[in-house]
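Biologist: I would like to learn how to read a sheet and an aromatic pair. Please show me the model and take me through it.

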Amino acid sequence: MMRSLGLLSFLACLAAAWAASAAEIVILESTAPGIEAGAIVEDTDTVEVPDGAMILIVEEDGSSREIAGPFSGAIGSAGSGGESGGGLIANLGKLVQDRESKRQVLGAIRAAPGQVSPQIYLVDVARSETVCIPTGQTPTLWRPATMAAETEVEMAGASGASARFLWPDEAQSAAWPDGLPLADGGAYALRLAIAPRPTEVKLRLVPDTVTETAARAAWMYQAGCHRQAIALIESLATD
């Protein structure tokens with residue numbers, strides 16, 4: 001039975017995902033009538049994908065695959081999901097639902113060039129948010145083009161460590177200061193002389209054991225890195 005993750009039914013679906021005995025699958029993308037992105041199905045559920053349509057699914061182990069029409073049968077018939085991943089499936093369902101909601105709100109609105117971070121793991125200093133960085137990777141600071149003038153930057157961590165440097169004119173990226181240690185869950189205050197107000201970034205370090213793109217997106221979403229998780233799942237959908 002297909003369960004759509006609407007705003008009112010999400011908590012019920014989350015609980016059901018943990019209790020389900022059958023392997024569960026998230027619909028990431030769909031052009032098939034009656035099959036919605038963000039839906040959770042069991043691998044034994046029958047789906048109808050007509051000729052010319054497709055669905056992109058993510059299984060419990062974080063792997064993804066495309067089912068192209070014409071197809072009629074159990075959605076998991078081409079392979080099973082492996083080890084139980086109820087938490088992954090629930091997080092992915094919510095993530096895809098969030099992405100679809102933002103698509104509807106934003107519509108055809110597009111940011112001006114240079115105003116949106118071009119890479120997923122850059123630290124946007126213009127935003128106060130939680131940012132995920134792969135374990136072992138040194139963060140890179142990034143700023144929108146409207147802030148790309150020479151400016152002094154002050155950074156301070158919760159541990160008391162601080163750093164100050166000059167960000168050159170027209171450079172949109174800068175290296176993370178050497179004297180500011182990284183800490184998972186650590187909060188860092190940033191103040192740019194050119195900016196109207198300071199921002200605060202909370203860092204989360206993505207475990208190097210989370211290698212599948214879908215699993216990583218789900219982990220990041222749960223960690224609070226919503227903007228990055230949506231960007232990552234978008235990259236999976238367009239691959």
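Modeller: In β4, the bridge partner of V26 is V58. This is a predicted model, where local features need pLDDT of at least 70, side-chain atom pairs count only at pLDDT 80 or more, and totals for chains, interfaces and linings use all residues. Residues are numbered from 1 along each chain as its sequence is written, and side-chain values use heavy atoms, with hydrogens and water left out.

Biologist: How do strands pair in general, and over how many bridges do β1 and β2 pair?

Modeller: Strands of a sheet pair through backbone hydrogen bonds, either parallel or antiparallel. Strands are DSSP runs (E, at least two residues), numbered from the N terminus. Two of them pair if DSSP finds at least two bridges between them. Here β1 and β2 pair over 3 bridges, in the antiparallel sense. Strand β1 (residues 24-30) also runs antiparallel to β4 (residues 54-58), joined by 4 bridges. I27 stands opposite I57 in β4.

Biologist: What is the order of strands in the open sheet?

Modeller: The order is β2-β1-β4-β5, 4 strands with antiparallel pairing. β2 (40-42) and β5 (64-68) each have a single partner strand, so one side of each has no neighbour in the sheet. From one strand to the next, the twist averages 35 degrees. Such angles run from 0 to 180 degrees between N-to-C directions, with axes as lines fitted to C-alpha atoms.

Biologist: How many residues of β1 are buried?

Modeller: Buried means under 20% relative accessible area, with a 1.4 Å probe and protein chains only. In β1, 6 of the 7 residues are buried, so the strand is largely enclosed by the rest of the structure.

Biologist: Now the rings. How many aromatic pairs does the structure hold?

Modeller: A pair of aromatic rings is described by the distance of the centres and the angle of the planes. Rings of Phe, Tyr and Trp (its six-membered ring) pair if their centres lie within 6.5 Å; planes under 30 degrees apart are stacked, over 60 edge-to-face, the rest tilted. The structure holds 2 aromatic pairs. The F165 and W167 rings have centres 6.3 Å apart and planes at 40 degrees, so this pair is tilted. W167 counts as buried, at 0% relative accessibility.

Biologist: What kind of pair do W176 and Y188 form?

Modeller: W176 and Y188 are edge-to-face, 5.1 Å centre to centre, with 85 degrees between the planes. W176 lies in the loop between β12 (173-175) and β13 (187-192), and Y188 in strand β13, so the pair ties together parts 12 residues apart in sequence. Both W176 and Y188 are buried.

Methods:
Buried means under 20% relative accessible area, exposed over 50%, partly exposed in between (1.4 Å probe, protein chains only).
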